[in-house]
Amino acid sequence: SLVDNLAEIVGSKKMYDRSIAIDMGDNSVQVEIKVIFSYGTHIPEVAEAVQLAVIEEISKITGMQVTKVNVIIIDLEDEQDQGDIA
C-alpha cells in the first residue's frame with residue numbers, strides 16, 4: 001500500500017514506529033508522518049530529506065501534486081536502543 005511504501009522511504013520497520021496520515025484531494029495529497037529519530041540526529045536536515053523523498057515518491061507513483069508534508073518527531077531514542085529495532 002502507499003502507506004507501507006512511505007514507511008519504507010522513511011525507514012520505519014515496525015508498525016508502532018510509524019504513523020502516517022494521508023489526505024487526498026482531487027489531484028493533491030497532504031501527508032503527515034510521525035517519526036522517531038536517533039539522539040544526535042540533525043533534525044532539520046533529516047526532516048527536510050524525508051519531506052523531499054516523500055514528495056518525490058508520491059509524485060512518481062501517483063502523478064499527484066503533494067501540497068504538504070509534515071514531519072512530526074514523536075520521540076528521540078538513544079543509540080543503544082537502536083539494536084532493538086528489527
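How many residues lie between β1 and β2 in the hairpin that they form? There are three residues between them. This is a predicted model, in which local features need pLDDT of at least 70 and side-chain atom pairs count only at pLDDT 80 or more, while totals for chains, interfaces and linings use all residues. Residues are numbered from 1 along each chain as its sequence is written, and side-chain values use heavy atoms, with hydrogens and water left out.

Zooming out, the chain holds two helices and three strands. Both kinds of element are DSSP runs numbered from the N terminus: helices are H or I with at least four residues, strands are E with at least two. Going along the sequence, the pattern reads α-β-β-α-β. Of the 86 residues in the chain, 26% are buried. Here, buried means under 20% relative accessible area, exposed means over 50%, and partly exposed is in between (1.4 Å probe, protein chains only).

Back to the strands. Two strands count as paired if DSSP finds at least two bridges between them. Strand β1 (residues 19-24) runs antiparallel to strand β2 (residues 28-38), and six bridges join the pair. One spot to look at is Ala21, whose bridge partner in β2 is Glu32. On to the next pairing: β2 and β3 go together in the parallel sense, over eleven bridges. Ser38, for instance, has Glu77 as its bridge partner in β3.

Strand β3 covers residues 65-77 and includes Leu76. Thr67 also sits in strand β3, and its relative accessible area of 44% makes Thr67 partly exposed. Along the chain, Thr67 and Val31 are 36 residues apart, yet 8.4 Å separates their C-alpha atoms. Gln51 is partly exposed, at a relative accessible area of 28%.

Helix α2 itself takes up residues 43-62. The expected span of a helix is 1.5 Å times one less than its number of residues. For the 20 residues of α2 that comes to 28 Å, and the C-alpha atoms at its ends are 28 Å apart, so the two agree. Which residues of α2 are buried? They are Ala47, Val50, Val54 and Ile58. These residues sit on the same side of α2, because they cover an arc of only 55° around the axis. The arc is taken from the directions that run from the helix axis to the C-beta atoms. Turn to the face of α2 that points away from the buried side, and the exposed residues there are Pro44, Glu45, Leu52, Glu56 and Lys60.

A search of the whole structure comes up with one salt bridge, a term for a side-chain nitrogen of Lys or Arg within 4 Å of a carboxyl oxygen of Asp or Glu. It joins the side chains of Lys60 and Glu57, at 3.2 Å from N to O. Both residues belong to helix α2 and are three residues apart, about one turn of the helix. Lys60 counts as exposed because its relative accessibility is 58%, whereas Glu57, at 21%, counts as partly exposed.

Ile43 is also found in helix α2. At 29% relative accessibility, Ile43 counts as partly exposed. The C-alpha atoms of Ile43 and Ile73 are 8.7 Å apart, with 30 residues separating the two along the chain.

Together with Tyr39 and Leu76, Ile73 makes a nonpolar surface patch of about 300 Å². Patches are built from residues with over 30% relative accessible area and no salt bridge, joining like charges within 9 Å and nonpolar side chains (Val, Leu, Ile, Met, Phe, Trp, Tyr) within 5 Å. The areas come from the Shrake-Rupley method with a 1.4 Å probe, and for residues only the protein chains shown count as cover. Leu76 has a relative accessibility of 41%, so Leu76 counts as partly exposed.

One backbone detail remains: just after α2, Gly63 takes a positive phi of about 75°.
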